[in-house]
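Please keep the sequence and the coordinates in view while reading.

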Amino acid sequence: MRGRFITFEGIDGAGKSTQIDVIEATLKARGLEVIRTREPGGTPLGEVIRKELLSVSMDPATETLLFFASRAEHIAKVIRPAIERGAWVLSDRFTDATYAYQVGGRGFPAHKVEELEKWTQGDLQPDRTVLFDIDPEVAAQRVAKARNLDRFEKENRDFFTRVREAYLTRAKQSPERFLVVNSMQEKDTVSDILRKEFSQWA
């Protein structure tokens, strides 16, 4: 039986990690094999690329190509094998993030990302995508309190406003795939919403 591929998206500070913990525990309690991963990263090579992407300033084309290089390795070594053996894959970000950050945030041409997506992924798409939606001002306050900032998290508010708008546009284009959750609600409220949704999917 084919596994399921679930992705989690949102601007930095939206609370993805906390809620992925909840979903992972919920699915494992049902006896399912769950693989939790992230982008960029997810493989030894991907983690090397991640370190550079989060710390080194670079041209938007270089940045986009490195994201897809990490993604190609991730798909080949982690995502496809896990799905094929029946596992559920929970990924903190995937290609929607590239459309949001590189196309929406940086202004990189969407048609170039579309070509890279086709080449890298083939017919692979997430079964469902949870988008944690939050006001960029609130997200920035959360991130500043939580950790040292990487170069993406240091971007200005206008950048994150564009990223958020790009995410919401993606969600409107694929409403059957996206679940948009208001992550400005209490954590427990968001967790309850997700448990209810995933109880219907699993």
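From strand S4, the residues Arg 128, Val 130 and Phe 132 point one way, while Thr 129, Leu 131 and Asp 133 point the other way, and all are buried. Buried here means under 20% relative accessible area, exposed means over 50%, and partly exposed lies in between, with a 1.4 Å probe and protein chains only. Strands (E, at least two residues) and helices (H or I, at least four) are DSSP runs numbered from the N terminus. In a regular strand the side chains alternate between the two faces of the sheet. S4 is mostly covered, six of its six residues being buried.

The model is predicted: local features need pLDDT of at least 70 and side-chain atom pairs count only at pLDDT 80 or more, whereas totals for chains, interfaces and linings use all residues. Residues are numbered from 1 along each chain as its sequence is written, and side-chain values use heavy atoms, with hydrogens and water left out.

S4 has strand partners, where pairing requires that DSSP find at least two bridges between two strands. Strand S1 (residues 4–9) pairs with S4 in the parallel sense over four bridges, and Glu 9 stands opposite Leu 131. Strand S5 (residues 178–182) also runs parallel to S4, joined to it by five bridges; in this pairing Asp 133 stands opposite Asn 182.

A cavity is a set of points, on a 1 Å grid over the protein atoms alone, where a 1.4 Å probe fits but cannot get out; lining residues have an atom within 4 Å of a point. The lining of the largest cavity consists of Gly 10, Ile 11, Leu 131, Phe 132, Asp 133, Ile 134, Arg 164, Tyr 167 and Leu 168. Two or more of the lining residues come from each of S4 (128–133) and helix H7 (157–173). By class, six are nonpolar, one is polar and two are charged; Ala, Val, Leu, Ile, Met, Phe, Trp, Tyr, Cys and Pro count as nonpolar, Asp, Glu, Lys and Arg as charged, and the others, Gly among them, as polar.

S4 is also among the elements that cover the buried residues of helix H4, together with S1, helix H3 (60–84), H5, H7 and S5. In H4 (residues 95–105), 10 of the 11 residues are buried, including Tyr 99 and Tyr 101. Just after this helix, Gly 107 takes a positive phi of about 85 degrees. In the loop between strand S3 (88–92) and H4 lies Arg 93, which has a positive phi near 85 degrees although it is a residue other than glycine. Arg 93 counts as buried because its relative accessibility is 11%.

Helix H5 (residues 110–121) contains Thr 120, which is buried because its relative accessible area is 17%. Its side chain reaches the backbone oxygen of Leu 116 at 2.8 Å. Contact means heavy atoms within 4.5 Å; leaving aside residues up to four places away in sequence, Thr 120 touches Phe 68, Arg 71, Ala 72 and Ile 75.

Methods. Polar contact = N/O pair within 3.5 Å; in protein donor to acceptor, adjacent residues only side chain to side chain. 1 Å grid on protein atoms, 1.4 Å probe; cavity = no way out; pocket = protein on both sides within 12 Å on 5 of 7 lines; lining within 4 Å.
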